[in-house]
Amino acid sequence: MNDPGRKTILWVIATLALAMLPQLVSMPLAVALIAVAPLAWRIGSERSGWKPLPALVRHGATIAGLAILFVSYGDLAGRRAAVSLLSVMLSLKMIECYRIRDARLVVSFSLFLCATQFLFGQGILMPVYGGVTVILALVTLTQLQRSEAWSHEGPAPAVRASITSEIGFSLRLLALAVPICMALFILFPRLANPLWGIPDTTLDSKTGLSDSMSPGSIQDLFMDDSPAFRVEFAGAIPSTDQLYWRGPVFWRFDGRTWEGSFYFKNIEATSVPDLSGNTWEYSVQLEPNERNWLFALDYPATTPPDTRLTLDYQLIRSQPVIQLTPYSIVSSPDFVDMPELTGPLRLQALDLPEGRNPRTQQLIRQWRRETPGDKAFIQRVLQHFNNEPFRYSLNAPFLGVHSVDDFLFDTRTGFCEHYASSFAVMMRMAGIPARIVTGYQGGWFNALGDYLLVRQSDAHAWTEVWLQGSGWTRVDPTAAVSPQRVESGSLSALGTPRHVLDYAWVRGVRNSVDIVQQRWNDWVIKYGAGQQARLFAPLGLGEMTPPMLVGVLAVAILVFSAVVFPIVMRIKGPSSKDPVQKTWQKFLKRLRLAGYRARPSDGAMELADSASRFLPAVSGPIHEIADLYNRSRYAMEPPPLAQFKQAVRVFRPNKNRA
Amino acid sequence: MNSTVISAPENPENPENRHERLIEARAAVNDILLGKDQQVSLAFCCLLARGHLLIEDVPGVGKTTLAHALARVIGSDYQRIQFTSDLLPADILGVSIYKREKDEFEFHPGPIFSQVILADEVNRATPKTQSALLEGMAEGQVTIENETHVLPSPFFVMATQNPLDLVGTYPLPDSQLDRFLLSFSLGYPDPTAERELLTTEDRAHVLDRTTSLLTPGDVKALQDDCEKVHVSENLLDYIQALLQETRDERWFETGLSPRAGLALLRASRALAFLDDRDFVTPEDVKTVFNGLARHRLSPTSGFSQSPDEQIQELLGQVPIP
């Protein structure tokens, strides 16, 4: 009595398992085990008929679960810990879930558990996952409802509804909920600043460029195809060799690692490009990366809010980027960065650790004697990279203490960071001020969405040298070795694929499909308090205050309910009809559309007789169909179903009547 | 009243077309009894389902004619027993009379030893006499003075009772009404049929001219054929739904018994067979349902509707699954 029944319990377990799945992956092993064990026990219990566990064991398991959670997370306050607590408790509920009421509770909380995923990720796959979970939960709730309806008359009869009709039913219910969901999404007042503390990390963000550069640091990014940011240009897109997305700038070199300087990071830019000349205007959607840099083309003339422009033209945000961050920038490519280099800066830009790379030092001294001019010297170094057998490759060998020596004379294999680093060191040895700029280079233009997609694998490092007259000037030594890198992207420059699926066409498809994610970001994730306030601006209504939004929302929901409620009342449960009945219903529907309403207590022939009186023109087909139906349903040897279906398919009472 | 024990000659000629001859026989009866197609079909249906028929009607609407015509076309012998309040069981069953020359009792079978019997105004006899007939109908045999006599086969009783004439009658109790498979009233003929009746020759002459189209052997074979008619699960669902509905107390005092359910199935099969189908449809069930239920069910008190109306309404309430 009031027992959900074995099959339904398995549905409940499936719902809970699906809702828990993404959490499970990121739980500590012990927690994951205790979250799964009760489900496993319950499945075994349903299959082999194990008895319910005694209360002592159940309480013990609960206490043990709490203890493991506490030990694993330290406390239960964080997001991850709280969601794990919910998962574990719901899972433990399954060992005492023997009533429909309890099962329904578990399914409802599974939906809540599923919703908590949005605290961790808001990518395009999240709504898909959420949708699947909701459908499964609805199917399960339908089963529970059915069990309950029969709970006073013993076990529910086996419903012959196919899984497609069950899912169809859930989809119809879901479709009815969509308008309300949209209204809530669009109109429910949003806060410009959340009431509760912003979590310091978003768990699904990819770490982008770091605040230092040592051999191998960019190499890791190379393997990562996740998007770094997307850019929409207001005008034409600059040519690829101009698409240097400026990020962290490094001045200090300790022989191995390049680092920024706290000092420089906190000095504001002394002059900002004016907007009179040639400019590029674009807006960027930066994916969360837990760093403070915003990326821009050289040289940013405007500064997004909450961001400062440093002396070396890095855009540094006061808060790390932990959610999709849109910003707009205007860049001026013709700006001269720092026509005069002051003393302390020059010192910084020439500083090298003592006693490193003697072979390089010797070589530079010799070249410098032969080539005194700065520009000619730079050209000579680039020539060297170009003429000597340097290779652009991901499999760069390990470099020792004299990393530049090793690279220049021995390994001669590496990629952007090796070239940039070596080049900068060589410049400083020759007395030319130099610094490293990291960021991204290039991007993939999505013609469909008219935007540029920059992936983590587009990460790049290049060099800037200070020259009298032209100020800080970008020199990309990688381009000297592998011009392809700059022209067609980092991945094309590599001869060999990075992994099994790394082919140009796969990348092409991935880049094209990215538009879905971009649209999702554009329409859903980006939608915030600002957009909401301007929602009715096109209607000339000005800024909406939260009370106004609530008012509109209430009206929208009332109107929607008035429309949808009658539909909800008419919606039918999953049908358990066999194909003959289904076809017959179709026939009855056609009759109904023609104006004839059949009585459910009429036999097929009675119906045919009275329908023929109403529609004499189609009397023949009506009788034929009724006869086929009777034979299909009651005769020992029914006629082929196809014949019946065909007869109904060609039955068009409306046309014949006219 | 004379009596004859019939062992009609088996007629092996042309056993194959017996169904056609059955249809012809029905048409012949329809010719005699004008405008009563449905009742004639039900009468045949009752015969094929090995049941007995109860006709509730006023005198003079053709009950005797129907019984006579039916007996004629199926080639059976026919007896009419007029029930009166002084009729005794022996008058129906027969008596043993002492024969002095043989020095023994000799059994003289009563009119019940016939294949088709019209028991006229059955409710005017005393319960004792009624039960003599009804027991024979139920058992297919009668026991007189410790001797069992098997009744002929086929054995088909048509009983009539006059619903209006309540003075000096003994209405049949429910348990005995259950012995009748179907019941109906013939009712007055419609105007066309009545005009034809008035203008054409006497029906008695037509009846005299009618020859037998079937033999008792054929009838038995047809009865066997009926039982082979297919009944699907879906149809059983419907029959059960109907039976269940009659047991709802908002309709009737008591619902239909399982025996009535079996009878419904038998009658539906027979009707499907008459219609030359090898499977039963819900329409068959609906057609026979009224005849089957009207004498078995009494409406819940407080209803002004007649049983017929109640049953029609009930049929309209049960959807065909």
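Start with the salt bridges between the two domains of chain B: in this predicted model, four of them cross the interface of domain 1 of chain B and domain 2 of chain B. To see one, select R294(B) and E56(B). These two residues form a salt bridge, and their closest N and O atoms are 3.4 Å apart.

**The two domains of chain B**

Now colour the chain by domain. Domain 1 of chain B covers residues 18-220, and domain 2 covers residues 227-317. Their centres, taken over C-alpha atoms, lie 24 Å apart.

Select the residues where the two domains touch. On one side there are 23 residues of domain 1 of chain B, in contact with 18 residues of domain 2 of chain B. The size of an interface is often given as the accessible area lost when the parts come together. For these two domains of chain B the buried area is about 1,800 Å², and carbon and sulfur atoms give 54% of it. Next pick out H19(B), D178(B) and L181(B). Of the residues in domain 1 of chain B, these three lose the most area to domain 2 of chain B, together 29% of what that side buries.

Which elements of domain 1 of chain B give two or more residues to the side that touches domain 2 of chain B? They are α1 (18-32), α2 (37-48), β1 (53-56) and β9 (182-184) of chain B. Select α2(B) in particular: its six residues are the largest share of that side. By class, the side of domain 1 of chain B that touches domain 2 of chain B divides into 13 nonpolar, five polar and five charged residues.

**Strand β1 of chain B**

Strand β8 of chain B, residues 156-161, pairs with β1(B) in the parallel sense over four bridges. Find E56(B) again, the partner of R294(B) in the salt bridge. Opposite E56(B) stands Q161(B), in β8(B).

Which strand pairs with β1(B) over three bridges? Strand β9(B) does, also in the parallel sense. Here L54(B) stands opposite S183(B) in β9(B).

**Where chain B meets chain A**

Bring chain A into view and select the contacts between the chains. There are 17 residues of chain B in contact with 15 residues of chain A. The two chains bury about 1,300 Å² between them, 54% of it on carbon and sulfur atoms. Highlight H230(B), F279(B) and E283(B), which supply 37% of the area that chain B buries against chain A, more than any other three residues.

How many salt bridges are there between chain B and chain A? The count is two. Select K286(B) and D602(A) to see a salt bridge between their side chains, at 3.7 Å from N to O. Polar contacts across this interface of chain B and chain A involve nine residue pairs, both residues at pLDDT 80 or more. On the side of chain B that touches chain A, the elements giving two or more residues are α10 (233-246), α12 (282-293) and α13 (307-317) of chain B. That side of chain B has nine nonpolar, six polar and two charged residues.

**Chain A**

Finish by colouring chain A. Its domain assignment gives domain 1 (6-152), domain 2 (212-508) and domain 3 (579-657). The centres of domain 1 of chain A and domain 2 of chain A, taken over C-alpha atoms, are separated by 49 Å.

Technical notes
Residues numbered from 1 in each chain as written. Chains lettered and ligands numbered in written order. Predicted model: local features only at pLDDT ≥ 70, side-chain atom pairs only at ≥ 80, totals over all residues. Heavy atoms only, no water. Contact = heavy atoms within 4.5 Å. Buried area = accessible area lost by both parts, 1.4 Å probe. Salt bridge = Lys/Arg side-chain N within 4 Å of Asp/Glu carboxyl O. Polar contact = N/O pair within 3.5 Å; in protein donor to acceptor, adjacent residues only side chain to side chain. Nonpolar A, V, L, I, M, F, W, Y, C, P; charged D, E, K, R; others polar. Domains from an automatic or database assignment. Pairing = 2+ DSSP bridges.
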